[in-house]
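The following paragraphs lead the reader through selected side-chain interactions. Please keep the sequence and the coordinates at hand while reading.

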Amino acid sequence: MDTSNPAVFVNGSLLRMYVGRRVRAVIQAIQPDAGGVTGKTTDDHQLVVKGSPPPVRLTNFVEIIGIADSDRSIRAEMWTNFGDTFDTQNYNQLCQLANGEFKHLFI
Amino acid sequence: MFASSQFDANTAFAGGGFMPSQPSQFVDASSSSSARSRDSQGLVPVTVKLISEASHSGEDKSSFSINGLEVTNVTLVGMVFNKDERASDVSFTLDDGTGRIDCKRWASEVFDTKEMEAVQDGMYVRLNGHLKSFQGRRQLVAFSVRPVTNFDEVTFHYIDCIHFHLQNSKSQLGVATTQPHMVDTSLNTPNRTGPNGYQTAPSTHFSSQFGADGLKDTDQLILDYLQQPSCSERERGVHINELSQQMKIPEKKIMDSISSLENEGLIYSTIDEFHYKFARG
């Protein structure tokens, strides 16, 4: 059992707190551009995902797990399709709770 | 009673893939936990982080306790890695973002092997199993591993963890966990709820309102209740059974509070020693 490398739940505004650390975020509507893809976080911030996506079709929502590069980008290690429908509000609230008073349950 | 219905659910879950040693383990878990009726629960939603912080409990040190609650059967959501199919079992690592834990699925029935065939590395799954300690390492022995198809389940699981552990820590303080409707309305108004109605502000409000000294706060609850116009208008006052039922506090606790409040002259008994009213002035 190993808890040394957790991935923190983040949205756009929380990302800056974890620059250089492993994070996870759900991004919507990925648009490819030079060097990576751009999407929208669950709190409507723009985010750049660096790295190459897997060779499958990306659904509307994708979970990115990787290292936070800056307050607006993540260097992706894992891409997981989260489907074309997803409750972003729920996830956003979860990000806030997981980084707030319930942090001890997560990291 | 509650534990045994969960027992059936677990059997149904396992679909017969169910080792002879397991029933006795379930019976042990449920009989020891039904001794503490508040602690009997089915599958406890946890994160790997919580498992890592669990302490050993029980006479034989075989069970775990998380925040004072005895936990054997757990449910997690995470990603599968290092899946290794062997003759007698399938082992893999589950990474749920808070940590990684080794898991094992005994291939005792066709159902088990078939279910595990559908599970691939990199896939999100819902895992139900029990916590074990083997050679000093914590492990999960899974009896159900299901691929996640709707990813709201991922969000749900973590919120479920938060909710369960919040409820657990509230009941540890010895205060009613259900919403006592007679407590002052400020509890209900700061309603910063998420779309699924999960109330965050009231919960924190709740825990700050009730300190570690449970008995003293029960006093306050009783006083508040008795001061309501509907209660103070009643000539005979309020029966302690009503106090116990309305506030979901055990009668023993109510009676303790009643006697200390009566000693302080804040309340007085009316027709018999079960009816009390708030003492005005």
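In this predicted model, the charged end of R100(B) is placed over the ring of F81(B), at 4.6 Å from the ring centre.

A pair of aromatic rings is described by the distance of the centres and the angle of the planes. Over all chains, a search of the whole structure finds ten aromatic pairs. One of them joins F82(A) and F86(A): the ring centres are 5.4 Å apart and the planes stand at 55°, so this pair is classed as tilted. F82(A) and F86(A) are both buried. F82(A) also pairs with F151(B), and here the centres are 4.3 Å apart with the planes at 20°; because an angle under 30 degrees counts as stacked, the pair of F82(A) and F151(B) is stacked. This pair crosses between chains: F82(A) belongs to the loop between β6 (73-81) and α1 (88-99) of chain A, and F151(B) to the loop between β9 and α5 of chain B.

Apart from neighbours within four places in sequence, F151(B) is in contact with T80(A), N81(A), F82(A), G83(A), F86(A) and Y124(B). For Y124(B), the separation from F151(B) is 27 residues in sequence, while the C-alpha atoms are 8.7 Å apart in space. Ring pairs extend this picture into a cluster that links F9(A), F61(A), F82(A), F86(A), Y91(A), F106(A), Y124(B), F151(B) and Y158(B).

The next topic is salt bridges. Side chains of opposite charge can pair when their charged atoms come close. The structure holds 18 salt bridges over all chains. In one of them, the side chains of D84(A) and R57(A) meet with an N to O distance of 3.6 Å. D84(A) lies in the loop between β6 and α1 of chain A, and R57(A) in the loop between β4 (46-50) and β5 (61-70) of chain A, so the pair ties together parts that are 27 residues apart in sequence. D84(A) is partly exposed, with a relative accessible area of 43%, whereas R57(A), at 58% relative accessibility, counts as exposed.

In chain B, D102(B) forms a salt bridge with R137(B), and their closest N and O atoms are 2.5 Å apart. Since D102(B) lies in strand β7 (residues 100-106) and R137(B) in strand β9, both of chain B, this pair ties together parts 35 residues apart in sequence. Both partners count as partly exposed, D102(B) at 23% relative accessibility and R137(B) at 42%.

Another salt bridge brings together the side chains of R105(B) and E115(B), at 2.7 Å from N to O. This pair links distant parts of the chain, with R105(B) in strand β7 and E115(B) in helix α4 (residues 110-117) of chain B, ten residues apart. R105(B) and E115(B) are both buried. Elsewhere, salt bridges that share partners join K50(A), D69(A) and R75(A) into one network.

Key. Residues numbered from 1 in each chain as written. Chains lettered and ligands numbered in written order. Predicted model: local features only at pLDDT ≥ 70, side-chain atom pairs only at ≥ 80, totals over all residues. Heavy atoms only, no water. Contact = heavy atoms within 4.5 Å. Phe/Tyr/Trp six-rings, centres within 6.5 Å; stacked < 30°, edge-to-face > 60°. Buried < 20%, exposed > 50% of the residue type's maximum accessible area, 1.4 Å probe, protein only. Helix = DSSP H or I, 4+ residues; strand = E, 2+ residues; numbered from the N terminus. Lys NZ or Arg CZ within 6 Å of the ring centre and 35° of its normal. Salt bridge = Lys/Arg side-chain N within 4 Å of Asp/Glu carboxyl O.
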